[in-house]
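Please open the model in your viewer and keep the sequence panel beside it. The tour below moves from one selection to the next.

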2 protein chains.
Amino acid sequence: MPKLVANDIAIALKKRISLGEWLENGRMPPERDLASEFGVARNTVRRAVGMLEDDGTVVRHVGRGTFLTAGNPDSMAATVARMEGTSPADMMEIRQLLEPAAASFAATNASAGELNAVREAHKIACASQDMPTFEHWDAEFHHRIFACSRNDFLKEIHNLMRILRNQRPWFEMKKRSFSEERRATYCSEHQLVLDALLARDSEGASAAMLTHLRTVERNLLGR
Amino acid sequence: MPKLVANDIAIALKKRISLGEWLENGRMPPERDLASEFGVARNTVRRAVGMLEDDGTVVRHVGRGTFLTAGNPDSMAATVARMEGTSPADMMEIRQLLEPAAASFAATNASAGELNAVREAHKIACASQDMPTFEHWDAEFHHRIFACSRNDFLKEIHNLMRILRNQRPWFEMKKRSFSEERRATYCSEHQLVLDALLARDSEGASAAMLTHLRTVERNLLGR
DNA sequence: TATAAATGGTTCACTATTGGATCAGGTAGC
DNA sequence: GCTACCTGATCCAATAGTGAACCATTTATA
């Protein structure tokens, strides 16, 4: 068993909170109890709980205790926590709404340098030989398109999606669905997107992106 | 068995990272552990990890450890923090992408009870006399439409937008833009959305919502 | 009401862990 | 032999965890 450090304890606590523990009165056990339960010093628990406090999962009161805020469905922290549990199918549906739009914006707004960055990512992805490298530059290709959409909010939503896609359920899925043939398909579809972007054809970029995402969805979800 | 050199170890590590290892807390084992696991000297591991660091797969901190840059649990919070700074114009642009889709989904998927809840919110909003009450039920109307879209990710994105819209710059803006005339406009536009939902007309719902959002954008941003 | 217990907040000295850096050797391939 | 690489070892610097004590506030109890 790996040694527990503050960060691990913070993660363990978050998990237990998200599983509904301590929900009946919204109160966490005293730090001293948690310390003995995890078998670490109270200082360590304090740092872990401090992390939860920092991201708004919890509030502390001297003499009273530590209380969950996650019970409040309107908190940022609770919203993000719930997002981590959304299904790949739901996310793919939203990607198909947002990414074609991002491609369309990019076709209109991108600078020549930004488009060049997109082309670079595409080139490296196509040339890559192993799955991790391809994964990375594939993601980078999509990211750079969002980056030239000139809409900060859209960029951040994509960031959220990217983070979620790097977590558990997605990983298994991507691993299963990867094959040399699919990689080639993705490359040619990316090429069509890129061509439309370079031609400043926003409708074409949008359509090409949608086609690509439908392929991805089919591969990932097996439909 | 060929002898392991730093490059081999870098490749092995990358592979294990790409397969999702160490993803739960984003932390790699200490170099000394990796060295004994691979059966090589720590210097060799150091060079391998150095390669991962060079291509950005990993960051190292003296005394703390080596951490994956993807799946970094902090970046979620950072992303949300950046979102708080996005401009109303950018968010309105994205609302015009997502809300018509949500309305369309709702027209298809909502249960009779859910549609009733939407109607209730609409009715109270129309009947309300003061700005805070109207604001609340107006938001609730939109929220309940998302609630019957049957896409959890979409719902949570809307939640994020709602939280952001209740913060500073938006509040001032909404206060400035409020007028009795506009309230009446919103009510009649909501009515059109509601009618389409009740008629299970997904295209109509989408179009009515888009029209409404364009009105809101004009009023808020003064265009 | 007065007192005690519970609980989070703070600090301190000490130890353990971990990445950073360097050096003198050994080994394999050209 | 030359070169490139790995080995084994040592020391350094930064960070984290330990255990303990004491404080401030709140809550329960006599």
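**The sheet of chain B**

Begin with strand 1 of chain B and strand 3 (residues 65–68) of chain B, which pair in the antiparallel sense over two bridges; strands here are DSSP runs of E with at least two residues, helices are runs of H or I with at least four, both numbered from the N terminus, and two strands pair if DSSP finds at least two bridges between them. This is a predicted model, in which local features need pLDDT of at least 70 and side-chain atom pairs pLDDT 80 or more, while totals for chains, interfaces and linings use all residues. Residues are numbered from 1 along each chain as written, chains are lettered from A and ligands numbered from 1 in written order, and side-chain values use heavy atoms, without hydrogens or water.

Widening the view shows three strands in an open antiparallel sheet of chain B, in the order 1-3-2. Strand 1 (27–28) and strand 2 (58–61) of chain B stand at the edges with a single partner each, so one side of each has no neighbour in the sheet.

**Towards the DNA**

Now select DNA strand D, which 21 residues surround, Asn43(A) and Arg47(B) being among the closest; a residue counts as near if one of its heavy atoms lies within 4 Å. A polar side-chain atom of Arg47(B) lies 2.5 Å from a phosphate oxygen of DNA strand D.

Definitions and conventions: A polar contact is a pair of N or O atoms within 3.5 Å; within protein, one must be able to donate a hydrogen and the other to accept it, and residues adjacent in sequence count only if both atoms are side-chain atoms.
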